[in-house]
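Me: I've got a structure open here and want to talk it through. Can you start with the terms we'll need and then walk me around?

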Amino acid sequence: MAIKVAAVGVAVVAIIAAIIMGPTAFLGGDVDISGSDNNLTVDGVAMPTQIKTSGTLQNFIGGGLRMKWGFKVYVVGIYSDPKVMTSLKKKYSGFEAKDPNLSDLATDFAESKPARTVLLRFQRSVAASDISDALGEALKPKVGAASDEFQKFILDMVGSDRLEKGSDIYITCKGEMLSASLTGGNDSSSIRIKGLCPAVFEVYLGEKAVSPQAKKGFAEGVATLMASE
């Protein structure tokens, strides 16, 4: 049996159903479970349903493509410690994907203290400097000159000139500590700059989100998760 899933935000329901019905229960659509109950696809790209970074197991909430000049650059996956969603549900019970409170909810998510992660899965080979520059530029209005320090931090963490197609960057915040790592999710570098962690999530969930698809997927995922509990 194949049940089409229309959007990234229904991933949580798909995961639950896949566990009950088997990994091939959901096929097709923008999000699906195909071949493993430990993976889903976002815009055709396999993404883990759970990750573990900074010693914390985190669940997939939503995600989407990051486009630049019409090219697919990377897929964004947004994850969090279940404690984050438990806290948000108390404040935003009944939240829907097009809820006018999305901005407030996204801010609360960004400012949460338990672990949250942005996973960037690259869909083309890119210069490491292009990625660090783009992230620094997006962060500058939020953290000022500290964005330059973050750019250098990312370049040092990558440790090479290019990120090849299929590479991952995990950016995890826990409290005010930000950790970053490449494919595999093992912490390799960390930095602490006041205001940096919320700013990183605002890049993807704020008013000027660099990936509207990821923001939409996050909103739909939150709404689905809240409705399913």
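Reply: A nonpolar core is a set of buried Ala, Val, Leu, Ile, Met, Phe, Trp, Tyr and Cys residues joined through side-chain atoms within 4.5 Å. Buried means under 20% relative accessible area, exposed means over 50%, and partly exposed is in between (1.4 Å probe, protein chains only). This is a predicted model, where local features need pLDDT of at least 70, side-chain atom pairs count only at pLDDT 80 or more, and totals for chains, interfaces and linings use all residues. Residues are numbered from 1 along each chain as its sequence is written, and side-chain values use heavy atoms, with hydrogens and water left out.

Me: OK, which residues touch the most other members in the largest nonpolar core?

Reply: Phe 109, Phe 150 and Leu 178, out of 54 residues in that core. Helix H6 (residues 196-205) gives the most to this core, with eight residues. Helices (H or I, at least four residues) and strands (E, at least two) are DSSP runs, numbered from the N terminus.

Me: What does Phe 150 touch?

Reply: Leaving out residues up to four places away in sequence, Phe 150 touches Leu 135, Leu 139, Ile 171, Leu 178 and Leu 196. Contact here means heavy atoms within 4.5 Å. There's also a second, separate core of 11 residues, which includes Ile 51, Phe 60, Tyr 79 and Tyr 170.

Me: How many helices and strands does the protein have?

Reply: Seven helices and 12 strands. Buried residues make up 52% of the 229 residues.

Me: And the sheet, what's the strand order?

Reply: It's an open sheet of seven strands, ordered E4-E5-E6-E7-E10-E11-E12, with antiparallel pairing. E4 and strand E12 (189-192) are at the edges with a single partner strand each, so one side of each has no neighbour in the sheet. The twist averages 30° from one strand to the next. Two strands pair if DSSP finds at least two bridges between them.

Me: How many bridges join E5 to E6?

Reply: Nine, with strand E6 (residues 71-80) running antiparallel to E5. Across that pairing, Phe 60 stands opposite Tyr 79, and Gly 62 is opposite Ile 78. E5 and E6 form a hairpin with two residues between them.

Me: Which residue has a positive phi in the hairpin of E2 and E3?

Reply: Asp 43, at about 50°, in a turn with two residues between the strands. Strand E2 (residues 39-42) and strand E3 (residues 45-48) pair antiparallel over four bridges, and Leu 40 has Met 47 as its bridge partner in E3.

Me: Switching to helices. At what angle do H2 and H3 cross?

Reply: Roughly 145°, where the axes of helix H2 (residues 82-91) and helix H3 (residues 102-110) come within 11 Å. Val 84, Leu 88 and Lys 91 of H2 make the contact with Leu 105, Asp 108 and Phe 109 of H3. Axes are lines fitted to C-alpha atoms, for helices over the stretch in contact, and angles run from 0 to 180 degrees between N-to-C directions.

Me: Which strands does H5 lie across?

Reply: Helix H5 (residues 146-158) lies across strand E10 (168-174), strand E11 (177-182) and E12, at about 35° to E11.

Me: Where is Asp 81?

Reply: In the loop between E6 and H2. Asp 81 counts as buried, at 11% relative accessibility. Beyond residues up to four places away in sequence, Asp 81 touches Thr 56, Leu 57, Gln 58, Pro 114 and Ala 115.
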